[in-house]
Amino acid sequence: MKRVRKFPTHIAVFLAPAVLIYTVFMIYPMLSSLWLSLLNRIPGGGTGFVGLQNYVTLLTSEHWAPRFWNAFRNNVVFFVIHMLVQNPVALALAVMLNSRIRAAAVYRTIIFTPAVLSVVLAGFAWRMVLNPVWGISYTILDFFGLGDLDRPWLGLEETALVTLSLISVWQNVGIPMVLFLAALVRIPDELLEAARVDGANAWQVFRHVQLPLIMPSLAIVAVLTFVGNFNAFDLIYATQGSLAGPNFSTDIMGTFFFRTFFGFQLQPGDPHMGAAVAGMMFLIILTGVLLYLFGWQRRMERIEY
Amino acid sequence: MALATATRPRIVGERKWTWWRGALVHGALLAYSALAIFPVLLVVVNSFKARRAIFADPYSLPTAETFDLVGYRTLAQHANFPLYFLNSLIVTVGSLFLILLVSSMAAHALAEYQFRGNTLLSLYLAIGIMVPIRLGTVGLLELMSKLKLVDTLWALILVYTAQGIPLAVFVLTQHMRQLPRELKDAARIDGASEYHVFRLILPLARPALGTVAAISLLPIWNDLWFALILAPSERTKTVILGTQVFLGQFVNDWNAVLAALSLSIVPAVVLYVIFSRQLIRGLMAGSIK
């Protein structure tokens, strides 16, 4: 490696395009959006600096706060369902695919398929399957003798959010599955054999050998799920529209942001309040990522192998 | 390296597989596979049936009597799907090309040269791995209207490129650090310029470029958010947005809706059938790095 005094032209040429595009279309908009969240109409006309007023309004005013906290709560539920269903199912599937089973590649390909399809398809296909007019969900439940349990799942306030979360899980489960699989394949066979020779059964091998070794992947999947969920929008919008019905019961941060920014029905769009919602999303996501970086990862380093 | 371990052949060990345990695993995987493709098959199969048959007998394949393309005819009359496909293709290929080009250049610089600010720049570029670009939407829309890029495909290409750069640079830098020095030094001794050296080693980064393409492709092709916000005009609609708008207008025309959904998955499914191995391996390799 050469020591250089003047910044060499060729290095600048290599770096410039990426740094330029990234700065102009990602970092700058992010900063300008945060700046916009500190502005609003001021008394006396025009737009001016109002400090954190937009955030205070968002979190406390009668008009904004209930909607914000509703979206936040729903988003937490959305995330918890992904953590409790998507990631354990993905892990179970990965462990099964990693056992010496025939046609594992075929299963893997099929199970990953929904992740390749657009949310519009996933959302609408399920909307039709669950539509009482078509009656698919009824005939299937009825087949198992559970016909009485059928509900218009997406139309009821109590069930719509859980249903949409599960549709999202159905669509995305392939991604954590592949990440877990990648970690599982890397575990040396000798390690597993050694445990088996010592008399460990399948569960013990999983619990005491495989699980500790794929902990880093579990943590990464958790943080990716967190970021993805608190940034989600497409599925809810495609299935329920920007009003996130019924009665805002499926409203999450992404749809709330969209409505605030672009307006809906009689309420006009508001770039400053929209930017404030995005600012809150930024804060939430940043908190999650920092928790991961400083908490999880430090603990993880010790069990690197 | 990661690719090699991911496809390592498994040695048949002395593990005792009781037949019922194998059956159990096959049963579980089979059941989940069915769940994964059931809604998709249901949509596709019924898109070829007459309206009455969709409701009377949703689980059967179309027969001579029930076969009907009315949904596809409605689609052809009311939505410009060939144009949507072309737009999606231009945006996806354009963004992928730009991501691979500019990220490999930057990754080469970060991996090859020691210069002041190298680590800092790597960290700066890594911010975007975790912070989603959507959070800058308000600023982005303002910027795009100042640049008069709203309702152009360029707006989408530039945003998707910016979105793809952080992870691409990260994965490519890791890979390029492992490339052998001898080749580069030999070329330098022969009088090659630094640009020549880059051109020389780019083919060696092909596996990592494949990984990056695999990781970047789906979020671009399937994105609804920016298509909706930055380029919603009829001329610039992507397949995803075009389908979404069409579904909204024809929500009660089941034939048309099923046809639109079926048609919108054709490119994704065709590509997936061809590239599924590369795609999944690419994701696996990318996750290890």
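**View 1. Burial in chain B of the predicted model.** Of the 289 residues of chain B, 44% count as buried, a residue being buried if 20 or more other C-beta atoms, placed from the backbone, lie within 10 Å of its own, exposed if 12 or fewer, and partly exposed in between. This is a predicted model, in which local features need pLDDT of at least 70 and side-chain atom pairs count only at pLDDT 80 or more, whereas totals for chains, interfaces and linings use all residues. Residues are numbered from 1 along each chain as its sequence is written, and chains are lettered from A and ligands numbered from 1 in the order in which they are written.

**View 2. Secondary structure and extent of chain B.** Chain B comprises 14 helices and 0 strands; helices (H or I, at least four residues) and strands (E, at least two) are DSSP runs, numbered from the N terminus. The radius of gyration of chain B, 24 Å, is well over the 19 Å that the globule rule gives for 289 residues, so chain B is more spread out than a compact globule. The radius is taken over C-alpha atoms, and the rule is 2.2 Å times the number of residues to the power 0.38. The C-alpha trace of chain B spans about 75 × 70 × 35 Å along its principal axes. Among contacts in chain B between residues at least 6 apart in sequence, 77% join residues at least 24 apart, two residues being in contact if their C-beta atoms, placed from the backbone, lie within 7 Å.

**View 3. The two domains of chain B.** The domain assignment of chain B gives domain 1 (20-68) and domain 2 (76-288); such bounds come from an automatic or database assignment. The centres of these domains of chain B, taken over C-alpha atoms, are separated by 33 Å. Their contact takes 6 residues from domain 1 of chain B and 6 residues from domain 2 of chain B. On the side of domain 1 of chain B that touches domain 2 of chain B, the elements giving two or more residues are α2 (19-46) and α3 (51-56) of chain B. The largest share of that side, 3 residues, comes from α2(B).

**View 4. Packing of α3(A) against α11(A).** The axes of helix α3 (residues 65-98) of chain A and helix α11 (residues 215-229) of chain A come within 10 Å and cross at roughly 145°. Axes are lines fitted to C-alpha atoms, for helices over the stretch in contact, and angles run from 0 to 180 degrees between N-to-C directions. Residues in contact include A:Phe78 and A:His82 of α3(A), and A:Val221 and A:Phe226 of α11(A).
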